[in-house]
Each structure stands twice: as structure tokens, then as C-alpha cells.
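I opened my notebook to write down what I looked up in this structure, one entry at a time. Have the sequence beside you and follow along.

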Amino acid sequence: MTQKRVLVIDDEDSVRKILCDNLRLSGLDVAAAASADEGLALLVSDPPGVLITDIIMPGKSGLDVIAAVRKSHPQVRILAISGGGRIKENDDLLEKALTAGAEAVLAKPLDLDEFERTVFRLLEAP
Amino acid sequence: VTAEAPHNPTPQDDSYRLRLESILDNIVDGLITIDEKGAIQSFNKACERMFGYAAAEVLGRNVNMLMPEPYAGQHDGYIKNYRDTGRAKIIGIGREVEARRKDGGTFPIDLSVAEVNIGGQRIFSGIVRDITERKKAEKTSALLSALVESSSDAIISKTLDGVITSWNKGAEQVFGYASSEAVGRNINMVIPPERLPEETRIIGQLARGESIDHFETLRRRKDGKDIPVSLTVSPIFGPGGAIIGASKVARDMTERNLQDEQLRHAQKMEAVGQLTSGVAHDFNNLLTVVLGNTRLIRKMMAAQQKLPVFADIAERIQDIDTAAHRGADLVRRLMIFTRQRPLQKTVVDVNACVEETHGLLARVLGEHIKVRVVAGKDAGCVRIDQDQFINAFINLAANARDAMPQGGTLTIETGRAALGEKDKAALPELAPGDYTFITVSDTGTGMPEHIKARIFEPFFTTKPAGQGTGLGLSMIYGLIRDSGGYIQVDSAPGRGTTFRIYLPPCEPGVKSA
């Protein structure tokens, strides 16, 4: 596991790209995946220090990713992000993410400063 | 007729008697004569048909055999009493009594009794009319009357030229006129003048023998208020088959229409909510991209230490940032309306909250508007997002201010209201029970119905472009609904506007979710 490595899973290309670019500019080693399955495969091959996952995605959701990673890689810190809104039962998605085992959650639109602070905090957490 | 001497019959008398008997046998009513002891002396054919006895079976026997108990047992006593005192109970008048047939069955009769003196002998004659059919008809009629009277619909009958001939309790309630005020007057009194041609058409249809089913129209109450009604009008046929009038059933549709309207409104808000929540999701992603890129550009410029060179660009980036943040704020407010953003609910003391907002409101409203607070002691606490609740007050106050450009009074009233079954029509989404209410009223211009109907829709605004997002009231609507309550608006041009918020009360100190 690379301590400064971060994995970003988001199905929205432009969102994924800007999150990765910001983190890279701050000196992190960033891997990206456009789906839950792709992300989980990357995670197995090279586990990151922090996993950042969107919650609402086609196919497996971010909540599925969190549940899987909590079982297979308990040491990976998870930050869940969600734009919310599309599905009705979405009121408490972020709360569900915390319950599923995410260490932190942030709502979109992201405050990128807060986002980055959160990622670094998770990377440095013992 | 030349002589009347029954004690000394002659052939002429016999013929007279025979003629008389023949007449008596052919009359429809029964005729019985008895002597002063009650023994039957004559029993005509009609009696035979009614009682099921042949005359020969009853002649000479006590008339009480034709009566059920308790009359049978009391009859001898009546006759004796009359003989002794001369006080008659039914002689000379008629009354309805029960009679007994040979088979033991009883039937109602109308009995009139007369006393005659023939040759010094007292004879009582009874004319008996079987009133079984009449009684049945009376019963049916009473049942029908009870049905008509107990109906909440207005059931009215009128002549073809519109004169009201009957007016039930339902009509009294629907139209506000007592039966005594309505019967005899023309039906036009409940028809708004512009609807009179309608009545002419209806009468035309009736005259052709046609009925009118569930015709929805307006009718005018005694208090001048027009109400929506559904009319069913049918012709009334006279005995000869001619149309002699019309029966009219008018159902007050006010409540039904209100419920339909509430349902339509709820469905519309639900659809708009789904649409906006979808838009909000995509918008949040777009804003994340915009804000992420501006941040990135700034960082890249800083890394290259060329900020002074790019000062103009930095300013543009700042503008993009500001716009994106405003967009983010808009989405956040939309999310409150669609109930997608979790609210930070806490237990809020309503009166304390109103008090706290008071100073803030004064600043929003300006000096020309007076704020009056009527804090009900029993208003108590509710569970709600306090910041949003305060925002709601400010928002309502700002709307009130815009409705009172010449100044006026903003009244905030709080208290506790018990909602019962009768409030269901106006507040279908609230279960009966106790609610804390907060009303915010202004003395401003008020709104016409078409604006009032859309006031809680997101993006609906009456303000000039750029001066209002049209989200304020829809956010309040979302906030109140999400807090288990309901918001209502009452307004009419020139009458000001009152927003009435109902929230389920909770005990102070209850843990918030």
C-alpha cells in the first residue's frame, strides 16, 4: 500500500478529472476509476491510503464499494462524496455512507479546499 | 218514501228496507249496527269482505269479536259507561283503531260511530273503512320524507315556472335560506344573474321530459356567496302524465373541489420536486467541475509565481468562483424544497424564535412597516431546522414588505390549534390533533386567486426578472412539510395576505434526530 496514493471513483468524467488534477497538483499519487468494479480491481492491485468514491453511480453504488472495501481492506480510509438529488431515497445517503464505514463524507458541490484538507487528514490519520 | 215505521213493517216498508239493504251492501265502506249491549244486528257485504266473516256468523254476537286486545276487553265497559254517564268517547266522531279479522290478523280502520234511536231502541252504527293501503302509503311517504330531510344534499321541488314547493334541511344548509323563507318564492333567488339563461335551458329540457344529471354550475347562497354545485334535475309527472314540476338535487361541491385542488397541487409539487432534484444532482457535478478548475488555475498560476501578470485573469476567475458559489447556494435552496438536503432539526421554542427574529425583521421591513407580535402562551416547541425557520420568517417578512409599498402592519401570531375532522377539507395532509400554529399576516395588496394557486411553486415569482429567485416560498413549503407540518395561504386583492403554518408540537428537551 502506498501511503500517499489516492484512488478516485466517480462515473462523471469531468468531476473525476478535476478531483484528480487538484490532488495531483498537491503532490499526491492519484489513480482514477469510472465505475465501482473498475475501482475495486485497482484497489486490489495497488491499495491506496485513501479511497474517494461517489455514491450514486450506475451499476454498483458507492455504498456497495464501501461495504466491499471495509471487508477486504479495513486499513483503507474512505471519503464518500455525493451530489444527491437524483433518487428519492437519497436524503440520508451520506449518513448511510458513514454507517457503511466511510471515515468522512462531503456533499457536492465540493469545496475543493475542504476536500483536500479532508483527504490529507485521512492520509495522515494513524 | 211515504212512511217510516220499522216497528210495524208494511209491504212498502219491506221494499224500502230491501232497497236500503241493497244500497248498504253495495257501499265500499263497512257498516255494522249493534244494540246497546254490543250485539251485532247488521253486517254488510263490505264488512264480510274486510273481516272474513259471513253476516250469519256474527249476527247476535258481541261486536268485540271484531276487535283485537286490549280494545275487545274494554269495549263492554265503554258501552256500559256510555249508558250510565252519557259520556261518549268516539261516538259522533271518527278515529283510527285496529280491527281483528276472522283469521286473527289485525288491520287498521277508520271508524265513525253514530247513535240512532229507532222506536225507543238505542242502536249504534259503525262505519268502517279499511285504511291498510292508506297507512302503507303514509309509512312510505314518512320514510321518503325522512330520507329527504336527512340528506345533506339540497332536495327541492318547484313548479315549471320556478316556484319552490318544497325545501329540505339540506337545502337550508346549502343555500342558507330556511324552508319558510324559500317555499313560495322563485328558484331564481339562488341563481346568480349571469347564470339565469342556464335555468331557462334546464326548464326547456324538463318540459321535453328530459332529466339533467350532475350538471356542475354555481349557485348563490343567502349570504351572497357563490358556491359550486352539482345539479340533478328531473321532471315530476302529474296523475295524467303531464309534467307539473321538477325535483332538483343540488350537491355542494365546495369541499370536493377543494380536495381535488389540494390533490392536484400536491401532485404538481411532487412532480416539480422530482424534476428539481434531478437537476440539482447534475448541477452539483457541474459546479464541482467549475469550482475545481478555478481553484486549479489559481494554484497553477501561484506555482508559476506569475500572479501579478495574470491579475486580470485572476479577477475573472474570482467572478467565475462567485457565480459558481451563487449557483451552489441556489441548488442548496432547491434541495431544501425537494427535501433532499438533510435538515438540522432541533427543538425550537416558537415564541423564543419569533422574539429572536423580531429585531432582524425590523431591519428587513424598514421604518414604514409596523411589526405586531401576538405570542400565544401555549405555542410551545416544534422540531425544525432553526436556521431555516428563521430564514422562513425573514422570507415571509420580505414578501410582506413588497406587498406593502405604502407601509402597513405585519402581524405574527403564535398559538396552539386543535384540528378536527372538519378541518380535513382545508388541511387534508394533517391528521386531526393539536398543532402549533404561526401566522404571518400583512395589510398589503393581497393576491388574486391565480397567483395564490402557484405561490409555492419553485421559480414562480411575481417580481421583475432578476429581483427574485422564486425559491423563497417553495423553500418554506419544503421546510414545513419536511418538519411534519403544512403551510396555507389566505389572500385576496385588497385584503392582505396571511400565511398560516401548522407544525406538530413537541415537548421541550426532546432529542432531535
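Predicted model: local features only at pLDDT ≥ 70, side-chain atom pairs only at ≥ 80, totals over all residues.

β9(B) and strand β10 (residues 243-252) of chain B run antiparallel and are joined by 9 bridges. Two strands count as paired if DSSP finds at least two bridges between them. In general, strands of a sheet pair through backbone hydrogen bonds, either parallel or antiparallel. On the hairpin of β9(B) and β10(B), I saw 5 residues between the strands and a positive phi near 90° at B:Gly241.

Strand β9 (residues 226-237) of chain B also runs antiparallel to strand β8 (residues 212-220) of chain B, with 7 bridges. There, B:Glu216 has B:Ser230 in β9(B) as its bridge partner. Which residue takes a positive phi in the hairpin of β8(B) and β9(B)? I found B:Gly224, with phi near 90°.

**Entry 1: a sheet in chain B.** I traced an open sheet of 5 strands with antiparallel pairing, in the order β2-β1-β5-β4-β3 (chain B). Its edge strands, each pairing on one side only, are β2 (40-43) and β3 (94-100) of chain B. From one strand to the next, the twist averages 35°.

Strand β1 (residues 30-35) and strand β5 (residues 121-130) of chain B are antiparallel over 6 bridges. Opposite B:Ile32 I found B:Gly126 in β5(B).

Two helices lie across strands here. Helix α5 (residues 132-150) of chain B lies across β3, β4 and β5 of chain B, at about 135° to β4(B). Axes are lines fitted to C-alpha atoms, for helices over the stretch in contact, and angles run from 0 to 180 degrees between N-to-C directions.

**Entry 2: chain A.** I read the pattern β-α-β-α-β-α-β-α-β-α along chain A, which has 5 helices and 5 strands. Helices (H or I, at least four residues) and strands (E, at least two) are DSSP runs, numbered from the N terminus.

Which residues of helix α2 (residues 36-45) of chain A are buried? They are A:Ala36, A:Gly39, A:Leu40 and A:Leu43. They sit on the same side of α2(A), because they cover an arc of only 100° around the axis; the arc is that of the directions from the helix axis to the C-beta atoms. Buried means under 20% relative accessible area, with a 1.4 Å probe and protein chains only.

Next I checked helix α3 (residues 62-72) and helix α4 (residues 93-100) of chain A: their axes come within 9 Å and cross at roughly 10°. That makes α3(A) roughly parallel to α4(A), a label for angles under 35 degrees. A:Leu63, A:Ile66 and A:Arg70 in α3(A) meet A:Leu93, A:Lys96, A:Ala97 and A:Ala100 in α4(A), where contact means heavy atoms within 4.5 Å.

Technical notes. Residues numbered from 1 in each chain as written. Chains lettered and ligands numbered in written order. Heavy atoms only, no water. Buried < 20%, exposed > 50% of the residue type's maximum accessible area, 1.4 Å probe, protein only. Parallel < 35°, antiparallel > 145°, perpendicular 65-115°, else oblique.
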